[in-house]
Amino acid sequence: MSAPIEPLPANYEPPLKGSNLLWSGRDDGPSLEVRRWHQAIAFHDLHQPLDHCFEPTLCFIGYRSHEGVRANLGRLGAEDGPRKLRERMGSFPAIEGVSLIECGDVLPAKSVLETQLALAAVVERVVRAGAVPVILGGGHDQAFGLFLGIARASGTAPACVNFDAHLDLRPIPASGPNSGTPFTQAWEWCRERQQQFRYAALGVQRLGNTVQLFTRAEEAGATLVDVDGFALDMIEVVMDAVNDAVDEAEIALSIDLDVFAAAFAPGVSAPTAMGLAPDAAFRRVLRGLIASERVRGVEVAELCPALDVDDRTARLGAALIFEIASTLADLLEEENSGAAESEVEESEDDDPNQDES
Ligand SMILES: [Mn+2]
């Protein structure tokens, strides 16, 4: 049923140790208890087939382009985001049960669209292997590459769930797509194939979007949640709304770092004065999405290191990825302990020592 796999484009750069990569950090020795991400990570050139991945496996792909931001008249610097995110992830403690693979970068092609298509080809390979692509951005035009790669791998459009101050539903100019158009592109892709466009935009700012964009969101049937949705007593309502929007679809998860308040995320093209806090309410929504086991890919967008303050935004972006990885590990552990418990139930009944798990 699924179409033949796309060949890898020339602007895919496999991981070359010491050139484009920065996986390093504190080294407390090789033993499992003190291992860190820079020691645990494997490197893979996607020109070679990726073996089928069983455990949760995160495949990192850098989107080293801010050409979409330039075309959207934003402040530049996101091309350096992938390097900085890797730098800030290197010293994280290894997470048992989660495999990490560095897969290299997508470099700017002749046009933004061509760069997006290159990312889609890379994402498609990773998703087909059963791993979760984690796109390190990079301008938010990368969201369409993630969407398209998942759509091609699974044969149907994923739902787009986007943490973002902006709707990114701008009309596509004659000059081509930009960092403000990725969800318009996904919408059009769905329309051309008569598939339903599913879009939930979380953390949307009224002051960051014109009336035209809200009208377009309504036309697109989007589910919008503003920052006031991220209060602890609202989380169930929000999760219900997001689940309705996603329905039975798989999820392409986007996190544009400008969804957070400028105090937490100053290092973005367009900082947000009254954005989200990365607090318990936000984390419950993020974990709830991961726990749905529908997320096929993630992209963290718009990190602009040159505008950052003491790597605050880079640390936050990296921490979000750690949060996702550790939620996947928790799910695996729950599944395993569930399986162990049912085995125990079959063999013995009331053993008082069996409560801890
Ligand atoms: Mn965005």
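## The loop between β5 and α5

Gly138 lies in the loop that connects β5 (132-137) with α5 (142-154). Helices (H or I, at least four residues) and strands (E, at least two) are DSSP runs, numbered from the N terminus. The peptide bond between Gly137 and Gly138 is cis, with omega at about 5°. Most residues other than glycine have a negative phi, and most peptide bonds are trans.

The model is a predicted one, in which local features need pLDDT of at least 70 and side-chain atom pairs count only at pLDDT 80 or more, while totals for chains, interfaces and linings use all residues. Residue numbers start from 1 along each chain as its sequence is written.

## Positive phi outside glycine

Leu73 is not a glycine, yet has a positive phi of about 65°. Leu73 is placed in the loop between α2 (67-71) and α3 (81-89). This residue counts as exposed because it has 10 C-beta neighbours inside 10 Å.

## Helix α3

Of the 9 residues of α3, 7 are buried, and the helix is mostly covered. Among the buried residues are Lys84, Arg86 and Arg88, together with Leu85 and Met89.

β6 (residues 159-163) is mostly covered, with 5 of its 5 residues buried.

β6 runs parallel to β9 (residues 251-256), to which 5 bridges join it; strands pair if DSSP finds at least two bridges between them. In this pairing Phe163 stands opposite Ile255. A further 4 bridges join β6 to β7, also in parallel, and here Val161 stands opposite Ala200.

## Packing of α8 and α9

α8 (residues 235-246) and α9 (residues 280-291) pack at about 30°, with axes 10 Å apart. Axes are lines fitted to C-alpha atoms, for helices over the stretch in contact, and angles run from 0 to 180 degrees between N-to-C directions.

Key: Buried ≥ 20, exposed ≤ 12 C-beta atoms within 10 Å, placed from the backbone.
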